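Please have the sequence and the model open while reading.

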Amino acid sequence: MVEPTIWVVVGAGAAFLAIAVLLAVLLPRRGATLSTLEGRLAQMAQSQAAAQAQLSERLQAQERALARAVEERLAELGRRVGDSLTQTREATHSNLSELKERLAVIETAQKTISELSGQVVGLQELLANKQARGAFGEIQLMDLVRSALPPSAYEFQATIGGTRRCDCLVTLPNPPGPIAIDAKFPLESYRALREARDEAALSAARREFSQAIRSHVKDIAQKYIVPGETADSALLFLPSEAVYAELHASFPALVEEAFRAKVWIVSPTTLMATLTTVRAILKDVRMREQADVIQREVGLLLKDVERLDDRAARLQQHFELAQKDMRELRISTDKVTRRGARIGEVQLEEGGAEPVAMLEVVN
């Protein structure tokens, strides 16, 4: 709106300048019309002044309108910027809160991972020591046995054959008799088997693993199967499902050899299933042992019931006799009541004998 008005002012100024130049050229030639031209110039000057005044008013109005529009635009822009900043601040605060919560979760997870790492390192150090590894297998065996059997059904570090000690002896009745359990952990040979990278190393590791298991089976069969004292079989406990799975998957002939030696190889899972079966057997044996006691108690209970029935019958007789006595007592009281009523109806007369005769009749 301002730019076209400026061009109008520039055009009017240029026209006035052209007229002035024309007058300057024509004045020397036409002196007679000087007054006329001066009048016209004065009119043109007035017109130009009026136009400039109108133009100035228009410009001022347009400037005010433009200023108002600019102020409104700036206010709207400021409001939008403020709203945007508020939304951005709220979103940033929310994101920071979520980030803080996630960092807290990550920190907790990091602590847990650190603790697990320490436990894994401790477990590796434990398994690296043969004595500690044996204790670890025995502790795991103890936990399984204690969770599956009653205290009277097992004994840890029991003596067999006078001098030999087994890790656990499950006291089953004859047959089959007590069964010995020994915990073995062939970790070195198993690690060598898993870490073998070529055929030669794999063959050597398989040979070492077979030799270790075979040696354990032989020792258990010789030490913990005592005729007349224990059952004709024993259990070899491998406290690792991985070793047990590798043995049955890759060494079936070795497993069959252990079966022939009456040494049953078990893992934590299969040992728990075996102990559950043993618990059921012990419960059945205990029930059979207590069958005589139960029968004797049932006989005594039947005698008590018969005695109770006799006493109830005698009590019933007493009740019937008491009811009979009560009926007879009731009859007597009724008679006495009727006699008293009749006596009350008798009117005694002086010197008369008729009432006496009535009393005799009543009696």
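## Contacts, pairs and patches

Leaving aside residues up to four places away in sequence, Gln157 touches Glu138, Arg165, Cys166, Asp167 and Cys168, where contact means heavy atoms within 4.5 Å. The model is predicted: local features need pLDDT of at least 70, side-chain atom pairs count only at pLDDT 80 or more, and totals for chains, interfaces and linings use all residues. Residues are numbered from 1 along each chain as its sequence is written, and side-chain values use heavy atoms, with hydrogens and water left out.

Gln157 sits in strand E1 (residues 154–160); helices (H or I, at least four residues) and strands (E, at least two) are DSSP runs, numbered from the N terminus. Asp167, one of the residues touched by Gln157, is 10 residues from Gln157 in sequence and 4.8 Å from it in space, C-alpha to C-alpha. Gln157 counts as partly exposed because its relative accessibility is 32%; buried means under 20% relative accessible area, exposed over 50%, and partly exposed in between (1.4 Å probe, protein chains only).

Glu246, in helix H6 (residues 241–250), is buried, because its relative accessible area is 14%. Not counting residues up to four places away in sequence, Glu246 touches Tyr190, Leu193, Arg194 and Phe251.

For the chain as a whole, the secondary structure comes to 10 helices and 5 strands. Of the 363 residues, 21% are buried. Where contacts join residues at least 6 apart in sequence, 60% of them join residues at least 24 apart. The accessible surface is about 26100 Å², with 58% of it belonging to carbon and sulfur atoms; accessible areas come from the Shrake-Rupley method with a 1.4 Å probe, and for residues only the protein chains shown count as cover.

Side chains of opposite charge can pair when their charged atoms come close. A search of the whole structure finds 5 salt bridges, each being a side-chain nitrogen of Lys or Arg within 4 Å of a carboxyl oxygen of Asp or Glu. The table lists some of them.

| Glu257 | Arg214 | 3.1 Å |

Asp232 is partly exposed at 49% relative accessibility, and Lys262 is partly exposed at 35%. Asp334 and Arg330 are separated by about one helical turn, because they are 4 residues apart in helix H9. Arg330 is exposed, with a relative accessible area of 56%, whereas Asp334 is partly exposed at 32%.

Two surface patches remain. Patches are made of residues with over 30% relative accessible area and no salt bridge; like charges are joined within 9 Å, and nonpolar side chains (Val, Leu, Ile, Met, Phe, Trp, Tyr) within 5 Å. Lys335, Arg338, Arg339 and Arg342 form a patch of positive charge. Among these residues, Arg342 is in helix H9 (residues 291–345) and is partly exposed at 43% relative accessibility. Leu66, Val70, Leu74, Leu77, Val81 and Leu85 make a nonpolar patch of about 550 Å². Val70 lies in helix H2 (residues 34–128) and is partly exposed at 40% relative accessibility.

Conventions:
Lys, Arg positive; Asp, Glu negative; His and termini not counted. Charge placed at Lys NZ, Arg CZ, Asp CG, Glu CD.
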